[in-house]
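Student: Could we go through this one together, starting with the overall picture and then moving to the details?
Tutor: Gladly; here it is.

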Amino acid sequence: VGFHFFNALLLRIVSREQPLYRHHNCRSVLCCVLILKTAMTSNDDDDDSIPPPPSYPPPPLSPVGEDVEIQSTPVLERLNKGEAPESNRKDKKKKYILCAILLLSFVGVCVGAALGIVLPRQKSADVELGIYQALDGDGNIIDITPSSVPSESPSSVPSQSPSTNPSLSPSLSPSLDPTTTPSMSPTETKTLTFFAIGDVPYSDLEACLIPHELDKAANSGADAKFLLHLGDIRDGKPYVNSGGQPRPCPEYLYEDVATIFEKSFLPTFFSMGDNAWLDCEDPDESYTFWKKHLLTFNERKDLGWPELGATVSRNEDHIEMYSFVLKDVLVIGQGLPGEGWSDDHAWNQWNVYLDENARWMEKSFAENEFKAVIICGNSSKGWNERYFLRLEEVAKQNPDVPIMFLGDEHEFQEEPEFRGIPNLHRIALDDVVTPTLITVDPYATGTLNVFTYDRRCPCAGNHRPTQLFTYTSGVCAGVCDTNDLCINEDASSVLWGEV
């Protein structure tokens, strides 16, 4: 029993393998049972048993009434003294020895069972301390402490049996303070989205409607970055008075337009149109008003606009010409109005001005990196043909670059493969008060897929007089209910400069 018990204990401590320990513990229990069985079935035929007492002849019967003297023997003497026979004393001694062995065996089994409870707990403590051992196939002790880096293939021997109790109590506070900045920047979209509008306001009605339309654009959910006004901030038709001379363009015209577009929720760029510049009584004066109130309108810091996210460059001699790159799209602002009512003004060298526009376009192409191009200007009609011939050359020199020219012509026009050039696209907006949403995906395949637009639901247009639009069904139903807020405004064209 002792041999099996201590053998099991030693193997348990060295190998820490519970199945091996239990195997030897069971062998110890079996030995105890065999010893008990031997003790219970032992007989008098054993080699070291006490021989039976000798037989004595019975004493002779004495006659009745006579005293008979009985011969004394050693056994009788012990019986007379109250002592047990020697054979009985040896039987008791043998039983005491067997009981002692059984008691020790029982104690060994109990201790082994207790170790079966204690040692697994010690094992879980070893796991906390980083002690990992096991036996390999040859019975050698190997270290299986896990490394900080996962191994390429799993080990053939499991590291440890899972502990019955958690190794550590959870901490009451987080291990690290949260970071104040995100760990990774959000993924930015590859597309550039913006709004565009032109040829407004021509009447008091349009001046009333534009802020409401800008508010709708702000709440449309579009991820737009800026707003483009493509020129012509007043009606150019009735520009000649009764004496055959153009009417003046007072400064308050430009101030009023700036006030209207202060309702914009995005940085706003203005392109110069001929109606409020070359069609004015004094083109030099009107150009000064443009520069003061509108040409750098996008730089306003008092309107709470979001940052554009791009650096805007401007032509030193003609600040109406600008360019910037945003989301791999090159945006070029040109000064391309109509030629004006007369050549008798400071800008009568029209071809020189058109050439300066073309040089600014070519300079912007040469000095920037981009995947697609937006060129915005007021007009693309015949009097600017000299410029468009240069644009054709640039488009042919960059066949892999999608290019869109964006202008306004009082009616919506779209010309894919403009002038027969596959990568040149043209869009002209109409004279509605609702901004058009334009999206540029410079990584799309095919020019038609690069430039897409959403005219949304225009609510007013068609000058002289301005007409209000209504929709009773479809996606636009109810969109133009804001027209009721301006229903009492004058729809006729404003003759700026006359009382």
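Student: What percentage of the residues of the protein count as buried?
Tutor: Of the 499 residues, 38% count as buried, where buried means under 20% relative accessible area, exposed means over 50%, and partly exposed lies in between, with a 1.4 Å probe and protein chains only. Keep in mind that this is a predicted model, in which local features need pLDDT of at least 70 and side-chain atom pairs count only at pLDDT 80 or more, while totals for chains, interfaces and linings use all residues. Residues are numbered from 1 along each chain as its sequence is written, and side-chain values use heavy atoms, with hydrogens and water left out.

Student: And how many helices and strands are there?
Tutor: The secondary structure comes to ten helices and 16 strands; these are DSSP runs numbered from the N terminus, H or I over at least four residues for helices and E over at least two for strands.

Student: What share of the contacts comes from residues 24 or more positions apart?
Tutor: Such pairs account for 70% of the contacts with a separation of 6 or more, a contact being heavy atoms within 4.5 Å.

Student: OK, on to the cores. Which residues have the most contacts inside the largest nonpolar core?
Tutor: They are Y254, F261, W290, F365, V373, I375 and Y387, in a core of 63 residues; a nonpolar core here is a set of buried Ala, Val, Leu, Ile, Met, Phe, Trp, Tyr and Cys residues joined through side-chain atoms within 4.5 Å. Helix α8, residues 350–367, gives the most to this core, with seven residues. Apart from it lies another core, of 24 residues, which includes L228, M404, L429 and F451.

Student: What does Y254 touch?
Tutor: Leaving aside neighbours within four places in sequence, Y254 is in contact with I233, C249, A276, C280, S286, F289, W290, H293 and L294.

Student: How do α6 and α7 pack, then?
Tutor: Helix α6 (residues 251–261) and helix α7 (residues 283–293) pack at an angle of about 25°, with their axes 9 Å apart; the axes are lines fitted to C-alpha atoms over the stretch in contact, and angles run from 0 to 180 degrees between N-to-C directions. The two helices are therefore roughly parallel to each other, given that angles under 35 degrees count as roughly parallel, over 145 as roughly antiparallel, 65 to 115 as roughly perpendicular and the rest as oblique. On the α6 side, E251, Y254, E255 and A258 meet S286, F289, W290, K292 and H293 in α7. By class, this contact has four nonpolar, two polar and three charged residues, with Ala, Val, Leu, Ile, Met, Phe, Trp, Tyr, Cys and Pro counted as nonpolar, Asp, Glu, Lys and Arg as charged, and the others, Gly among them, as polar.

Student: And what angle do α8 and α9 make?
Tutor: Helices α8 and α9 (the latter residues 385–397) pack at about 20°, with their axes 8 Å apart, which makes α8 roughly parallel to α9. Among the residues of α8 in this contact are L354, N357, M361 and F365, while α9 brings R386, Y387, R390, L391 and V394. The contact has seven nonpolar, two polar and five charged residues.

Student: Is N357 buried or exposed?
Tutor: N357, which sits in helix α8, counts as buried, because its relative accessibility is 0%. Beyond residues up to four places away in sequence, N357 touches M321, Q334, G335, L336 and Y387.

Student: What about phi at D199 and D232?
Tutor: D199 has a positive phi of about 60° although it is not a glycine, and D232 has a positive phi near 65°. Most residues other than glycine have a negative phi, and most peptide bonds are trans. D199 lies in the loop between β3 and α5 and counts as buried at 0% relative accessibility; D232 is in the loop between β4 (227–229) and α6 and counts as buried at 5%.
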